[in-house]
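The sequence and the structure come first, followed by the text.

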Amino acid sequence: MTTLKRGQSLQADGIRDMMLNHDGNGSTSSMAMNSTKIWERQPYRGGSVHSSSKGTTSTHSFNDHYGVVKTKSGTGSFSTGSTKGALTTNFAGWGTSGGTQGATNGGSSSQVGELLDGTSTHTTSAIPFSDLAPNADANKWLSYAGYIISGGFPQVFAAKVCFEGSGAQTTDTDWTKVHFAGDIETDHSGNNTYMPTYGSSVLISTLNRTDAVVSTASSRIVYTWANAIPILPYQNSVTADFVYWIKFE
């Protein structure tokens with residue numbers, strides 16, 4: 001099995017290991033570079049983000065895959081306030097215990113989800129940001145990538161990315177965008193998804209660093225984008241099928 005980490009030689013089997021299996025590392029299957037599994041799921045194509053799963057494979061580039069990882073979503077929740085007036089906040093995605101603390105502003109320290117790099121599955125350990133971004137600051141680690149769902153009606157959705165380490169600062173400019181290619185693969189039409197027609201397809205979402213509200217919580221640097229992610233796993237029965245391929249630039 002091979003990763004797509006920056007700083008190492010980019011190999012075709014690494015692309016296969018990352019892109020072919022929906023929610024696992026590695027593969028022994030043969031696949032063409034113009035396979036639908038690849039070009040639908042890659043968050044970045046031909047040097048720029050592509051806005052939908054439709055299109056041509058003619059703009060494929062090996063370099064498009066550098067630094068891509070995927071997250072398999074897990075979920076959790078916590079409550080604040082009195083028993084009668086308690087507010088429940090749900091969160092979904094991948095995060096270490098500390099990363100979740102940062103994303104929830106101390107509301108929860110539960111580890112959730114998995115981050116897969118083609119070789120290893122990260123759960124409790126953060127991943128070096130230098131593996132993911134071309135100009136990453138030293139001593140900086142990614143520890144959460146997911147969402148927060150809070151409030152009653154209407155609910156409030158926010159995307160969250162958390163960094164930690166001595167190299168992580170609120171003023172960092174070592175990345176400009178993060179791209180998410182979301183794939184639920186198994187069709188849950190009408191069952192626990194916010195967009196039932198989204199089953200078995202891919203949708204791309206791009207978040208600009210400069211659009212985020214940046215804060216510090218539980219010694220983590222937290223980036224927050226309100227109403228940024230278009231589809232979320234709603235209950236645990238869905239999360240096993242919901243995967244994001246993620247790329248920073």
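## Ser143 and its surroundings

The side chains of Ser143 and Glu164 make a polar contact at 3.0 Å; a polar contact is a pair of N or O atoms within 3.5 Å, where within protein one must be able to donate a hydrogen and the other to accept it, and residues adjacent in sequence count only if both atoms are side-chain atoms. The model is predicted: local features need pLDDT of at least 70, side-chain atom pairs count only at pLDDT 80 or more, and totals for chains, interfaces and linings use all residues. Residues are numbered from 1 along each chain as its sequence is written, and side-chain values use heavy atoms, with hydrogens and water left out.

Ser143 is found in strand 9; helices (H or I, at least four residues) and strands (E, at least two) are DSSP runs, numbered from the N terminus. Its relative accessible area is 0%, so Ser143 is buried (buried means under 20% relative accessible area, exposed over 50%, partly exposed in between, with a 1.4 Å probe and protein chains only). Leaving aside neighbours within four places in sequence, Ser143 is in contact (heavy atoms within 4.5 Å) with residues including Trp94, Gly99, Phe163, Glu164 and Arg220.

## Salt bridges

A search of the whole structure finds 3 salt bridges, each defined as a side-chain nitrogen of Lys or Arg within 4 Å of a carboxyl oxygen of Asp or Glu. Side chains of opposite charge can pair when their charged atoms come close.

| Pair | Closest N to O distance |
|---|---|
| Asp172 and Lys140 | 2.9 Å |
| Lys140 and Asp174 | 2.8 Å |

Glu164 and Arg220 are both buried.

Lys140, Asp172 and Asp174 are linked in a network of salt bridges. In the bridge between Asp172 and Lys140, Asp172 lies in the loop between strand 10 and strand 11 and Lys140 in the loop between strand 8 (127-128) and strand 9, so the pair ties together parts that are 32 residues apart in sequence. Asp172 counts as buried at 8% relative accessibility, and Lys140 is buried at 2%. Asp174, in the loop between strand 10 and strand 11, is 34 residues from Lys140. Asp174 is also buried.

## Nonpolar cores

In soluble globular proteins, nonpolar side chains tend to be buried together. A nonpolar core is here a set of buried Ala, Val, Leu, Ile, Met, Phe, Trp, Tyr and Cys residues joined through side-chain atoms within 4.5 Å. The largest such core has 28 residues, and the members that touch the most others are Leu142, Phe163, Trp175, Val178, Trp225, Ile246 and Phe248. Among the elements giving two or more residues to this core are strand 5 (87-95), strand 9 (141-150) and strand 10 (156-164). Beyond its neighbours within four places in sequence, Leu142 has contacts that include Trp94, Leu115, Phe129, Val161, Phe163 and Phe248. A second, separate core of 9 residues includes Phe78, Phe91, Tyr144 and Cys162.

## Leu87 and chain totals

Leu87 lies in strand 5 and is partly exposed, with a relative accessible area of 36%. The C-alpha atoms of Leu87 and Ser150 are separated by 7.7 Å, although these residues are 63 apart along the chain.

The chain has 4 helices and 15 strands. Of its 249 residues, 53% count as buried. Among contacts between residues at least 6 apart in sequence, 63% join residues at least 24 apart.
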